[in-house]
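Work through the exercises below with the sequence and the coordinates at hand. Each task is followed by a solution in steps.

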Amino acid sequence: LNTYLYVVLTFLIMGGIFVIDERFKLMFKIMGMGMVGVGILILLFLVELGLVYALQNIDNENIVASHAVWISLISILGFLITTSIYFGAISGVLYQAIVLTILVTVVTGYIGYYYGDKLISVDFERYLTYALIAYVITYVVGSFLVKDTESFFYVMAAIGLVIFVLLLLAYNKNIRKRAAECTVPNYPKESFGLIIKIVNVLQQLLRLLGKGKGRGRK
């Protein structure tokens, strides 16, 4: 329950970051700085990776450090995904994507937590991680090789959505397993595993709905 409450708190914080960015147009200013702006975004991404590593390796008993890293991590993540949020708002699919993401999160959470042991008998999360690595490689390579990039990105968004939905299902199953074995809980670390998957589900839905709407107009 505490892990899920941390997830709710995360998206409230991210919502606040988006409101602040909308007020001051920070992301637009950075993107308008050319190569300097690109460098800033790359630096933020590298800092984000460093914070992920730090969160995973902090001692569970070091509550203050865990929360400090977690807040920094979700703050930067919230800022980095503002471009996706703006894309959804401009495309007119933002609220649809948010509602669908909430539904996916609730359904996979319920099924994974209560019925995951019956549905998933193997280390499903490990195989999905391999699938995710293959997906990223295909996405990067295909971006340079495929001629019909619009169709390619649409298909890849659909495949990505399936992978992340299944990852959510597997992760919720493992939350129950880890809760039974837990001696010192680390809610920031546990919740971030869910957060990053939910964010990716939202981004894939924004791409699918946005591109789908564009195709419908054609």
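**Exercise 1. Compare the radius of gyration of the protein with the value for a compact globule of 218 residues.**

Solution. The globule rule is 2.2 Å times the number of residues to the power 0.38, and the radius is taken over C-alpha atoms. For 218 residues the rule gives a radius near 17 Å; the protein has 18 Å, which agrees. The C-alpha trace spans about 55 × 35 × 30 Å along its principal axes.

The model is predicted, so local features need pLDDT of at least 70 and side-chain atom pairs count only at pLDDT 80 or more, while totals for chains, interfaces and linings use all residues. Residues are numbered from 1 along each chain as its sequence is written, and side-chain values use heavy atoms, with hydrogens and water left out.

**Exercise 2. State how many helices and strands the protein has, and in what order the elements run.**

Solution. Take helices as DSSP runs of H or I with at least four residues, and strands as runs of E with at least two, numbered from the N terminus. The count is 9 helices and 0 strands. The order from the N terminus is therefore written α-α-α-α-α-α-α-α-α.

**Exercise 3. Describe the burial, the contacts and the surface of the protein.**

Solution. Call a residue buried under 20% relative accessible area, exposed over 50%, and partly exposed in between (1.4 Å probe, protein chains only). Buried residues make up 37% of the 218 residues. Next, count a contact when heavy atoms are within 4.5 Å. Of the contacts with a separation of 6 or more, 81% are between residues 24 or more positions apart. Finally, the accessible surface (Shrake-Rupley method, 1.4 Å probe) comes to about 12600 Å², and carbon and sulfur atoms hold 71% of that area.

**Exercise 4. Find the salt bridge in the structure and say which parts it ties together.**

Solution. The criterion is a side-chain nitrogen of Lys or Arg within 4 Å of a carboxyl oxygen of Asp or Glu. The partners are E190 and R178, with the closest N and O atoms 2.8 Å apart. E190 belongs to helix α9 (residues 187-217) and R178 to helix α8 (residues 149-181), so the bridge ties together parts that are 12 residues apart in sequence. E190 is buried at 17% relative accessible area, whereas R178 is partly exposed at 30%.

**Exercise 5. What is the phi of K25, and where does this residue lie?**

Solution. Most residues other than glycine have a negative phi. K25 is not a glycine, yet its phi is positive, at about 55 degrees. K25 sits in the loop between α1 (2-24) and α2. Its relative accessible area is 36%, hence partly exposed.
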